Each structure stands twice: as structure tokens, then as C-alpha cells.
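Student: Could you take me through this structure feature by feature, giving the general idea before the particular case?

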Amino acid sequence: MNGTERAQVRMLPDRRRLHLQDGPIDLIVEAAGTPGAVAAAYRAAAARFRFVLDELCAELAELRAPSAPALRSFHGPVARRMEAAVAPHAGDVFITPMAAVAGAVADEILAAMRGAASEDLARISVNNGGDIALWLVPGEATTVGLVSRPDRAALFARARLRAEDGIGGIATSGAPGRSFSLGVADAVTTLASCAAEADAAATIVANAVDLPGDPRIERRPARSLQPDSDLGDRLVTRGVAPLDTDSIAVALERGLAAARRLIARGAIAAAALHLQGVTRVASRDGRLMAPEAPQAGIILREPLDA
Amino acid sequence: MSHGQAESEADDKVRCDACPVTCYIRPGMAGACDRYANREGKLVRVDPHVLLERTVERGGAVVPFSRSAAEWSGAVLPEDSVFVTAIGAGTTYPDYKPAPFIVSSEVAGVDIVTVVTEGIFSYCGVKVKVDTDRYLGPEQATVRAEGEAVGHVTTGEYGSQMLSLGGVHHLTGGSKKEGRVTCEALLQLSNGAPVELAVDGGVTIAVEAGAAPIINGVREERMRVGCGSATIGMFAKQWLGHVDEVIVVDDHITGVLSEHQAGKVLDIPPTGVKMKGRRSTPGRYFQVAEPGTGWGGTNVSDPLSILGPFNPQEARPGLTMLMVSTTGEHFGFYRLDEALRPVETELPEALRLSVERIQENCEPALCTVLFMGGAGGSLRAGVTENPVRLTRSVKDALTRVTCGGAPAYVWPGGGITFMVDVTRLPANSFGYVPTPALVAPIEFTMRLSDYAALGGHMDHVRPLSALTDGAARHVRQIDGNPWPVEPRQQRRKA
């Protein structure tokens, strides 16, 4: 069975957003523009989507292997996006292309939509489980609320993005959730020029928010949990006991240092770090992202109700 | 245990084959998708899918159902008030595998099993009933969406026009675009959304399940109470003494009171009226005009155009005549002048009431959409190792077929070809795959003993209670639907 038969495509009950699902990939796609352009963009998204998982799985073993600064060549366009997003970091930290898989898939679908209908569209967002590829027509602006847990609609920060900011990707990584983290952050959200780069950076910063050797943190070898994890026998965080204020500050400061390095290098525009109720923000421009008192807003990571 | 021929490892790892990632999953852990997990060495599906709940009357009060899924998680519900629908259940097509969910529960002391799957139907379509006498287009005319052929006008029914849309020839037998547009139109209609259609040589019509049709931009209000002849019969007595002649204009059978059997019974004298068209029996005329969107489904805007000159042997100056359409939407009152020409004049009160009575007896015009599909061999193989036995079990009424918990009508004859009113399913129950084909939920419910007898996948049966602890979307049973697992009279063959 291939993706053409397996992939599920449906409009969400709001009849506005498109839901694409195949294996572990769940995308919530939203385009705004003329009805014809939105329909064309959704068709293009669905048409491209059904090949994505099969392409990735064809090169899965290589994609799970650590990257080096020199780019490897991959066949699949998504795989190439992944490798390009992580390779710049491979000289500093352990990283595999899988750190950017969610963002790269979102970028690929967004690119297909723009190719089909960018003339009459005002904005596109492709949300892959919280890693979002975003495109705004010049002059458009949007506000994105960040939440640390998809099941709790409490914002810890807010990003205000204009088209001219050049932010094409928003990604979140943390110890809770689907993929493993080496760190203790509840959530690290980054803004970058594409979702794959944001995804890789969020992983790196979330890994850096850490208290090495602290007994309050439960860690297990990744492979003991997921036999085919790309993290091998590296220790991944399974639980974090309540921490004191000083420890939280120390852990967040480690993450902030990593975030600032990435900002200085131009890899990301901003990062918001959240750990046990404390939020710190690093940004190339203070207007982009700000911590937020909990209130209503757009929820970044939403539960699926398709 | 569910879907997936998971390979068990020595240490209880399982390899999931639901998608090409083929995760190795350790006990207690989920795969990369969070949809499949390893529970005690077995691969289980854990993602939300729709469970139906029925309202339970307690002391006359209805238990509220507006609770969120989160509040329900972990809740132990009485087994006989939850029904597992196939909506969101996933499918195993085209691989041979047991259906994603085979669930047992006890209902009224009887062990019941429900086999749940989402079927992928390339042999499927919708039948649309449009309550109108208006002419939509010639029978067999092509019906188009976005310019693509998606179906045709089929045999009209009483007071309604019928469209047959979709089917394998439009889905996969034509151009790629034709298939895509057909699939989209079917999906929209099945999920209760409006679709704009154009009939070759006919009208444009907006169709939406449960809503009035909009024909050439005009919303249809009512369907006729009966044909013109039937209307004469129904209201003849009410007209007696108030008017000399009544003509009910209808594209099918136009009725003439003075000539009609009902008029004869009431001793209504001849009026000398002369009808165009073809006389069928006394007082009943076919083809008084062409079909159209005017009076009574004809193309008539001036009703006098269907009359010839009055016969001077029988007609007299001052004779009165009511002309009315079968829905009462159009009407006119006339008096013959000295030259025996009808001249329109104000409708008397008593006749106004009779016209209103006709209107009142015309039901609201609706579009109704029935999804129709056939369960193929591989879908049936997900239920039993011997697919034909499922067919027989359905025919013998041992197995009940529902579609998202809604009652389905199963056609007699071979196979399992069913129809369901799409408004009886929870919102957005239908999906599609890019083949293109529609994805529709289908559930087979039967006694556990009957399931065993037809060669069911008994080792895949799991109790309902094992399901309610996963994330699921609970929706309220739709009013008026029978409860899918209610015991009922069986039609077992002798």
C-alpha cells in the first residue's frame, strides 16, 4: 500500500482548514485568499502530500544517521531540506536530519501550495504537530500564541509577525510530547526563515535547557524506549520533578546562551524558552516575540478533532 | 488487539506495519504516529475515533452530552449506551487484515460484536431527491459540477426530480479532472455541504442535504400536494358553489373540474372550456405545455395560453374560472366577458382560502441525499475469512449494517450494496482518498455467536471497555436513529 491509497485528506469540521494525515504525519493546512486560489492550493497540498511519507521512508536509515558539516546528497526533496537545515549545526552538536523532519514536511507542502496559487493568496500556514511553515503576502501580519502543552490553552509567549520580517517557520520542541529531548524544557519555540530551520534550532535549544547530572531528572537511553530512535543510546528526558527557582534559572540560561549563538549566526530570529512556569525570550528584535500573561489567543499546538 | 500483522519479538517489541515507517514499538509505548501502541506485546490502535452515545432518560431528564472529550477520558460508560462507529477508525484496504476494530459488548444480556472499518468506495455515489415539479432537464441529461460530468438526471418521482451522481465511471473512468471534481462533489454532498450543479439543456441547481433546492437562483418553497387531477379530486367539494370551473395546471396531468370524475359526482355542469394538450381520461390532460419553471412545472407564465376558445354552446358570459398551480404558488381568477373571453378579476375570499389550503398541503421542498456504496470483497474480508458469509448473514438479517451509526438500507440480491441518509450521520463523517474514492464508515453488528459462525476474526474481538480508555471523540446519537445494537426481530431463513 502506498501513500496514494493510505493518505487521508479531509476538510476539518470548520470547512475552512484541510487535514492531511499519513502514518505519523498530521498536517493542518490553512490558506487565505480567493476561493479559487485556496482550492487550487489545497489540491496542490493533497497531491504533493501523498508521496511525502514514502519518499522519506525510502531514505529513513540515512536520515537517522548523524549529520556532518558537509552536506550528504539525498534523493527526496524533503530529505534534502532536512539535511540542509541540520548540517550547519553538525560541527557543534550531535544532530541528525530527523531533528528537522516535521518542519521540512511543512515547508515542502507550503512550497507546493505557493507553486500552485501564490498569485491570489494572502497567507498560508502548514501546521505539522506544532511545527509550522508560514507564508504571508507583503503587507500581511499575523499574531501567533505559543503554548507549552497542546492540552492546556495557556499562552506563555506571543509572536507578532509581519511579512517583511522574513519568518517562514515556527517550531516547538520540549521534553514532553512526541519526540525525545535531551533537555528539560517544557517548550522552546523558535522563529526562523523556514520551518525546517526553526525545527532544528528548537531541538538544539531545547536540548541545551538542561541540568546535567541532576537527580530530579529521569533519563533513559532513547533506544530502550524506541528501538529505532535516531538518538541511539543517548539519554532522553522522561520526567522532571518540580525544580527550585535557581535551578530553573540556570537551566534556562544555558538554553538562552545556545539561542543567542543561533541568533548571532543568523540561524533563527528569536526563541522563547519555557520551563515550569518561567519564560525567557531571546530575539534579534524585541518586537518579534514577547512573554505573555496567560490569556486567550491563537493556539499554536492544537488537538486534532478531525 | 487490532489492525496490523505486528511481528512480535522475543522481548515483546512489536513492529508496526500500519505505514512505511514500520516502527519497532516497546511495550507500553506508542509508535511515531501516536496512533498505534504496544499494549502487553500487542499492537493496538489508540487514536481518537467516534463513539456514539445515546441519551439516557433518567427521571424524565435528558443527560447532557455537551461534554468535551477530555472530560470523558477514562470514564466507564454503561456498555449498552456506547456504540463504536467507523468514523475515524481507519481502514485496512487493500491489504488483507482484520478490520481496525472488532468490538464486543453486552446488550440486554446478549453478547454482541460490532466490526468497524472505514471503507474505501470507488463504487459509490449519491442519489439526490429534489422536491420540485420544476423541470431540471431532460431525463438522462448530464449533470455537471465545475463543467465536469458528475452524474445524470434519472427517473423522476412523485413531486420530486431525481439526480444520480458519482459512480465508478465518473470517479475513475473519465479524465483525471472529472474524477477529482466528482469526488469533491460527492464528498461535499455527503458531508452536508452545498454543491452547485448544472444540467445539460436544463437548469443550474444548488443542492444541499436537508435544505431547499435553489433552482436558477430561486429558492424552491414547496412540493406539490398531488398532480393536477389529484388536486381537483381533493378540493372539488370546497370549490362547489364558489366557482363554475377550476383548472389545476400541472406539467404532468392538468385537471379540469367540470370534466373530471369529481366534478361529475358533484353535478357540475359543462363550461365549454377547451384545453390544449392531449386528453388522457375525462378532465385529465397531458402535455398542456412544455416543461419549465413556470406554472406547475410547465413553461407557462400566462395560464390562458393553455386554453382554446370557449365553446359557445356551453359557455355563457359571467361564467367564473379559477386557474391554480399544483402548489398554489400561481393562481388567477377569471370571468367570461360578452365575447366569452376570460378576463382576470379579483380572487373572491372563499377561493383565496382554497388556494391557501393547497399551499398549506404542499410540504416544504427539500433536497435529500442518500449515499450509496457497495462493500467489496476485501472490506468484507476484514470482517470474516469467508466474505460471502457476511453477505448471507446481512441478507438473513442476522447482521445489521450501519453507516456511522445511522441505519443503512441494504439492497436485496448479491453483495452488500447499501444506502444511507447522509443527514443521519455525525458531521463530516466522509473522507476521500486521492484514488479518487470516497471513504465512508461502515459497521456490522451481530451476535457474537453469529460472528463465530460466519468465520469471524474471533481472536481480534476485544471488549468495548478496552476501547473507552483511549482517546475518542464522543458524539451524541442523532435524534430519530434507531440504536444500532438494539436487539430486534430476526428474519432468519427457515
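Student: What should I keep in mind before reading anything?

Tutor: This is a predicted model, in which local features need pLDDT of at least 70 and side-chain atom pairs count only at pLDDT 80 or more, while totals for chains, interfaces and linings use all residues. Residues are numbered from 1 along each chain as its sequence is written, and chains are lettered from A and ligands numbered from 1 in the order in which they are written.

Student: How many residues of chain B are in contact with chain A, and how do they divide by class?

Tutor: Two residues are in contact if their C-beta atoms, placed from the backbone, lie within 7 Å. By that rule 22 residues of chain B are in contact with 24 residues of chain A. On the chain B side, the largest share, 3 residues, comes from strand β32 (residues 431–433). For the classes, Ala, Val, Leu, Ile, Met, Phe, Trp, Tyr, Cys and Pro count as nonpolar, Asp, Glu, Lys and Arg as charged, and the others, Gly among them, as polar. That side of chain B divides into 14 nonpolar, 3 polar and 5 charged residues.

Student: At what angle do α2(A) and α5(A) pack?

Tutor: Axes are lines fitted to C-alpha atoms, for helices over the stretch in contact, and angles run from 0 to 180 degrees between N-to-C directions. Helix α2 (residues 35–58) and helix α5 (residues 101–117) of chain A pack at about 140 degrees, with their axes 8 Å apart. That makes α2(A) oblique to α5(A), since angles under 35 degrees count as roughly parallel, over 145 as roughly antiparallel, 65 to 115 as roughly perpendicular and the rest as oblique. The residues that meet include A41(A), A45(A) and F49(A) in α2(A), and I109(A), A112(A) and M113(A) in α5(A). By class, this contact has 13 nonpolar, 1 polar and 3 charged residues.

Student: Why is α3(B) described as largely enclosed?

Tutor: Of the 15 residues of α3(B), 12 are buried, so the helix is largely enclosed by the rest of the structure; among them are V181(B), L186(B) and L189(B). Its length can be checked too, as the expected span of a helix is 1.5 Å times one less than its number of residues. For α3(B), residues 176–190, this gives 21 Å, and the end C-alpha atoms are 21 Å apart, which agrees. Just after α3(B), G192(B) takes a positive phi of about 80 degrees.

Student: Which residues have a positive phi although they are not glycines, and where do they lie?

Tutor: One of them is E146(B), with a phi of about 45 degrees, in the loop between β13 (142–145) and β14 (148–157) of chain B. E146(B) is partly exposed, with 17 other C-beta atoms within 10 Å. Another is D267(B), at about 60 degrees, in the loop between α5 (261–265) and β22 (278–281) of chain B; D267(B) is exposed, with 7 other C-beta atoms within 10 Å.

How values were computed
Helices (H or I, at least four residues) and strands (E, at least two) are DSSP runs, numbered from the N terminus. A residue is buried if 20 or more other C-beta atoms lie within 10 Å of its own, exposed if 12 or fewer, and partly exposed in between; C-beta atoms are placed from the backbone.
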